[in-house]
Structures are given as structure tokens and as C-alpha cells.
Amino acid sequence: MKLVLRIKLLPTPPQASALDATLRACNQAANHVSAIAHADRTTDIRALRARTYTHLKDNWNLGAQAAQHVIKKTKDAYTSLKSNLRAGNLGKPGTRRHRAATGKPLTFRTHAAQPYDDRMLSWQTERRTVSIWTTAGRIKHLPYTGSEEHLRLLDRYRRGESDLLTHNGQWYLMATLDIPDPPQNPAPHGFIGVDLGIADIATTSTGHRHSGRRLNRTRANDRKLRTELQRKGTRSAKRRAGRHAGREARRTRDINHKISKHIVAEAQRTGRGIALEDLKGIRERARLKKPQRVTINSWAFHQLGAFIAYKARRAGVPLVHVNPAYTSQECSRCHHIDRRNRPSQAVFVCRSCGFVEHADLNASHVISRRGWWVWVCGAESQAPALTLIA
């Protein structure tokens, strides 16, 4: 299983300046490669190396490995763009969004992350220092820090490249770990069904409801503040907007981590698996009014599902995805399906047998039953080998 740890570096001011100059040089060089790739309409890495390798070394003082990584980073960015175009994520050909994505070269932010391999970066885990290449020369004995658990994992399982990045004046290395998969529970005692929603972020078939009221209220307040600051447009308003940028995403991420940890811990403790709805494409399928679109587009169901999946894999808990069709309309007792079973958002009343339950709890029982049938029909666990920032 792949896991990515964010390790905090502790550079001195001169070392931080060298790291800053290195990121700037690498991303300026990447923009140069991107312009050539767009002009020549090629992403062939051999052709790009022939056109740019010597120029990158001479003009941006890049080492051989750094120049190679800059070219590969640019090539990978165009590969991702092509994949999104093929999947229709950037609109149909001829639309404004499609033209905006393809009409000019891709550009890299001044401080976009830069990959490092073991020739450019070496770890001294016993001393908790790194030796890292910069355009001003190699920095040796640069200390780093992190939680004890993360540092133990780093020492045992680090493999492959690491990415250098900066955020809010702090410097980090994103280290990739290759952790062996733990043994999976081959015979779960049932499945915990998890109904994901907006009013309640997650409702489990064991009766736990993780309310989204507080999160939705703070999201609305953040949106209101962001609108007011954008309307004002003064320098102080922009500074304040910068301080608040990312607050909603960080809060949502923290809540999703806590919810997923609770669900997986309960499944592991009770010897059960986890059943989730397959909600892929729900934003495209849903037909909503404009105010509702803002709410559903802020719904981080994919992130929560990904957190549950990777935590389940680490804990050896089986995970399956089920068809989400009619889970909110099906009775968990008699399995009668009717739109009228939902007289309101929170209430479920079966028109056939009269069963009354909270709507999300009833749906979680339906998902639990479907998860069990998926499992007994021979489906393997669908917890993917995820890459996630810890």
C-alpha cells in the first residue's frame, strides 16, 4: 500500500532562501519546457530532452537529475491533461472551457512541488536530517521533524521519490512509503453500511450519525465572508482573504479523517466489513437548482470514501461498494421501493409494511444488506491501493 507522509523541514533563513531559489528555478524551467511542448505539439520525453536538456542546465543552473525531473514533470502534466480531456472533465471540444485548457501552454506555479530522487536527496533517519540538492549547492544536515509514528514508518518503509514543497512559509518533503498489506479478514461477521449525505455526513447501520449541521453552517459563513471580501477588493480585504484561504478545505479534511477513523475502528473491533455506495458521477447525474449546486459541489464524499478505503486497507477490514440506486427509497424490513416512502428529508415511512425509521439510518441498513450480498457473491475487497497525504 502506498502512503505519503508530509515531513516538516527546519531550515535556517539562508537554507530556506536556497530552497526557495531552487523551486523558482525548477518551475521557470518547467514553464520553458511546457511552452516548447505546446508549440511542437509533442509530449514525447525523448524529443523534449533533445530540445531542452542542455538549455535547462545552462540557463537555470540545474543539475543533470534536476533537469531530467523538470522534463518528466512537464510531460506528466500534459499526460494528466490528455486524460482529463478524454474523460470529458474539461468539457466537449469547442466549448470555452475546452479551449481554455488546450489553447495555451500549461504553466507551473512559482512554488509548485519539485520531485527529488535518491541521487538528489539522502535521508539520515537516525540523526533525523537530510542532505538535499539546491541550485546554490547541496545542503547537508538539514533537520526535519514529525510525529514519532510517522518517523518510524519513514525509517522502515520509505521508497522512491520525495517532493519538495512550501506552504505558508514552512518547508516540507512529501515522502512515499510502500507499506506491506496487512492480512485481510476473510470471513467478516456482516457489513457496516455507511450512508453518506449532506445533512448527516455519514450514518452507519450501527446507529452512529455524524451530523453535518455545524460543518454546513461554517461553510455558509465562510462563503459569505469570501463574497464580501471579493466585493470589497481592497488590499486589506485581499490580505484577509489570503489568511482564510483553505480554511474550509482543512476543516473538512479534519472532520473526514475523524469520521473515517471511527468507522474503520468500529468495523475492526466487531470483525465486520464496510459497505459504501458507489457515488461516482453523482454530480453529473443530479439535477438541482442553483443554490443546491453550491451545496452538492462542496460535498466531500469522495474524500471521505477515500479515507475510509485506505484506513480499511491498513486495518485489514474488507470494503465493498454497492449500487446506490433506490437506497433512500427501499424499506430495510420488507424491501418495498416507493418514492412516497420518503415523506420528508429525515423521515422514512414504508407504504407497504408501515415501518418507520430515520431515513439515513434506514438507507444504511439497505447498504449493509447489499454489501453482504456483494461479498457472498464472490466480490473481492475494493479498498484500492491509495496514495494519501497523512
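The exercises below work through a predicted model of one protein chain, each with a solution in steps.

Residues are numbered from 1 along each chain as its sequence is written. Because the model is predicted, local features need pLDDT of at least 70 and side-chain atom pairs count only at pLDDT 80 or more, while totals for chains, interfaces and linings use all residues, and side-chain values use heavy atoms, with hydrogens and water left out.

**Exercise 1. Describe the chain as a whole: how many helices and strands does the protein chain have, and what share of its residues counts as buried?**

Step 1. The protein chain has 12 helices and 14 strands, where helices (H or I, at least four residues) and strands (E, at least two) are DSSP runs numbered from the N terminus.

Step 2. Along the principal axes, the C-alpha atoms of the protein chain fill a box of roughly 80 × 50 × 45 Å.

Step 3. Of the 390 residues of the protein chain, 41% count as buried; buried means under 20% relative accessible area, exposed over 50%, and partly exposed in between, with a 1.4 Å probe and protein chains only.

Step 4. Thr-252, which lies in helix α8 (residues 247–270), is buried because its relative accessible area is 7%. Thr-252 and Gly-146 are 106 residues apart in sequence, and their C-alpha atoms are 22 Å apart in space.

**Exercise 2. Work out how helices α6 and α7 pack: at what angle do they pack, and is their crossing left-handed or right-handed?**

Step 1. Helix α6 (residues 213–232) and helix α7 (residues 235–244) pack at an angle of about 150°, their axes being 9 Å apart. That angle makes α6 roughly antiparallel to α7, since angles under 35 degrees count as roughly parallel, over 145 as roughly antiparallel, 65 to 115 as roughly perpendicular and the rest as oblique.

Step 2. The axes are lines fitted to C-alpha atoms, for helices over the stretch in contact, and the angles run from 0 to 180 degrees between N-to-C directions.

Step 3. The crossing of α6 and α7 is left-handed, a term used if the near helix is turned anticlockwise from the far one by less than a right angle, with clockwise giving right-handed.

**Exercise 3. Trace the salt bridges: how many are counted, and which residue forms a salt bridge with Arg-313?**

Step 1. Side chains of opposite charge can pair when their charged atoms come close. A salt bridge here is a side-chain nitrogen of Lys or Arg within 4 Å of a carboxyl oxygen of Asp or Glu, and by this rule the count comes to 12 salt bridges.

Step 2. Arg-24 forms a salt bridge with Asp-20, with the closest N and O atoms 2.8 Å apart. Because the two residues are four residues apart in helix α1 (residues 13–40), Arg-24 and Asp-20 are separated by about one helical turn. Arg-24 counts as partly exposed at 37% relative accessibility, and Asp-20 is partly exposed at 21%.

Step 3. In helix α3 (residues 64–87), Asp-76 and Lys-72 also lie four residues apart, about one turn of the helix, and they form a salt bridge whose closest N and O atoms are 3.0 Å apart. Asp-76 is partly exposed, with a relative accessible area of 33%, and Lys-72 is partly exposed, with 40%.

Step 4. Arg-313 forms a salt bridge with Asp-181, the closest N and O atoms lying 2.8 Å apart. This pair links distant parts of the chain, 132 residues apart, with Arg-313 in helix α11 (residues 301–315) and Asp-181 in the loop between β7 (170–178) and β8 (191–196). Arg-313 is partly exposed at 24% relative accessibility, and Asp-181 is partly exposed at 42%.

Step 5. Glu-330, Arg-369 and Arg-370 are linked in a network of salt bridges.

**Exercise 4. Examine two backbone angles: where does Arg-41 lie, and where does Arg-128 lie?**

Step 1. Most residues other than glycine have a negative phi.

Step 2. Arg-41 is not a glycine, yet it has a positive phi of about 55°. Arg-41 lies in the loop between α1 and α2 (45–60) and, at 74% relative accessibility, counts as exposed.

Step 3. Arg-128 likewise has a positive phi, of about 60°, although it is not a glycine. Arg-128 lies in the loop between β3 (121–124) and β4 (129–132) and counts as partly exposed at 32% relative accessibility.
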